[in-house]
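Here's a quick tour of a predicted model. Have the sequence and the 3D view open as you read.

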Amino acid sequence: MDATKAIATKTLVASPERQLEADSDMEIVRRVQAGDVAAFDRLILKYRERLYGIIYHMTSNREDAADLSQEAFIKTFQSIHRFGGQCSFFTWLYRIAVNSTLSHLRKARLRAFFSLERIDGEEPVAKEIIDALTDKTGADRDTYVHELQEKLNDAMQKLSIKHRTVVTLFEIDGLSHQEIAEVMDCSVGTVRSRLHYAKQLLQSELQPYTRK
Amino acid sequence: MTNHDRQRPVTLEHLLQLKRAERPSVEFWAHYERELRAKQLAALVEKRPWWRTVSLAGFFGGFRRYHLPLGAAAVLAVTVLSVRDYPAPAAVSVNETLPSQPAGIAREVAPELRVMPTTVTESPRAVSSSSVASVALPRMPSAEVRVETSEVVSSGSAHVQTTVAALAPTVDEPFSTAPSARLVVENFGSLQGADAVLSRHLLTPALGFESRALPAKPKPVEPLSQIKIPTGSRRSNLIASATLASTTTPVLANERSARGLSDERLYDTVSRVNARGAGVLVKF
């Protein structure tokens, strides 16, 4: 246990919650490395939605997101004996997933098509935003939400792959600049620059839907 | 469409938060888990190639602190090998020997040369001058080609004969067995052999060509020696005619001067009265 804490202290985390999360993950990883294969299912259940969400927002395709996230979990499981705790487990898992997605997007750049999930309009944050945007109800409201969803995905797809990744990790998944820099293996300044440029482009694309 | 009349602001961050609400259903996760389980089992059963099992990061991680000296050593080794295998081409040195020492130079060079069998020297004693050029070929430090040029002067005409002798590979040098040097030597030897055979086939039928193709020429004779001396009767006749001609000509000259005729008048007279054959032609 002392070794686990010593390794965890080397990881770069953004908050105490992240620190506790990293320690918990490292304990599970040690159990998997010791031969407890079933312990890896806990890591899958813990990160599958976030991992799927990141890949989905990068690809805008639910089938690709499912395949790529599963592939990332399998790669992680096959390589977990080499994981020494140089970074937190979720950073390592995110890095594998993001690299696989970037490689997939580079290969399938010319044959990209959308396969969108349905927006859960009953979620409090989404409901509040939709209410702020329109006063329509019923079928008109659903049509409007679907149109807005397509516009959002169109605007995201106009970004480059790396800019889209930064926006996804920061604005949608809520990672810090430092964590994004670790995942994408670049500097924090690069992350900030990419984020600034991407938001400028998105602002110009989504101008009709924003209001100061 | 958009409701711009509402008071609450909607920013880009709000729109991007809306994307968080794009979530799959619960049924999707059940299907997702089954697929992942199947792929995980397939990955466990599938035999991975050995290079996938080797951790390159761990392998090269141990050398991380030595990467600078290892890189410098590698660059140094490549440089040494390059300089050793591909030296700069040496300058061509041509040693011109003095005309007073041709035999000595030839004797010096002779032991190192493998003289071509096609070398034909009409009169070796007539060598007036010779020069020896020593050429060091680039990329072949052990092979040295020596070119001996001899001017053989015969009695009637001067022939310049070039004897190319090559192949003085010094055995003691380490690169004498280099593949490129051996290849050059073998090619040169085969070329010399082919040249010898070709020369023999071409020159042998050509020898004595004039004696076979052309007819025998008569012995040249002096034209004056062919003149025969006339006999006695013929000589007397010739003398008589010559004497008569010398006596008649002055008579005609005297007669003309006596008449007082000018040359023009005489010409007219002769030309107006012309007797030919059976007729007489008179001009007025």
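## Around Met184(A)

Leaving out residues up to four places away in sequence, Met184(A) touches Val98(A) and Thr165(A); a contact here means that the two C-beta atoms, placed from the backbone, lie within 7 Å. Met184(A) sits in helix 9 (residues 177–184) of chain A. Helices are DSSP runs of H or I with at least four residues, numbered from the N terminus.

Met184(A) counts as buried because it has 20 C-beta neighbours inside 10 Å; the cut-off for buried is 20 or more other C-beta atoms within 10 Å of a residue's own. Lys162(A) is 22 residues away from Met184(A) along the chain, and their C-alpha atoms are 8.8 Å apart.

## The nonpolar core

The largest nonpolar core has 57 residues, and those with the most contacts inside it include Leu51(A), Ile180(A) and Leu18(B). Such a core is a set of buried Ala, Val, Leu, Ile, Met, Phe, Trp, Tyr and Cys residues joined through C-beta atoms within 7 Å. Helix 3 (residues 40–59) of chain A gives the most to this core, nine residues.

Again skipping residues up to four places away in sequence, Ile180(A) touches Val166(A), Leu169(A), Phe170(A), Leu175(A) and Val191(A).

## Where the chains meet

Chain A puts 34 residues into the contact and chain B 29. On the chain B side, the largest share, nine residues, comes from helix 1 of chain B.

## Reading notes

Residues are numbered from 1 along each chain as its sequence is written, and chains are lettered from A and ligands numbered from 1 in the order in which they are written. In this predicted model, local features need pLDDT of at least 70 and side-chain atom pairs count only at pLDDT 80 or more, while totals for chains, interfaces and linings use all residues.

Terms used: Helix = DSSP H or I, 4+ residues; strand = E, 2+ residues; numbered from the N terminus. Buried ≥ 20, exposed ≤ 12 C-beta atoms within 10 Å, placed from the backbone.
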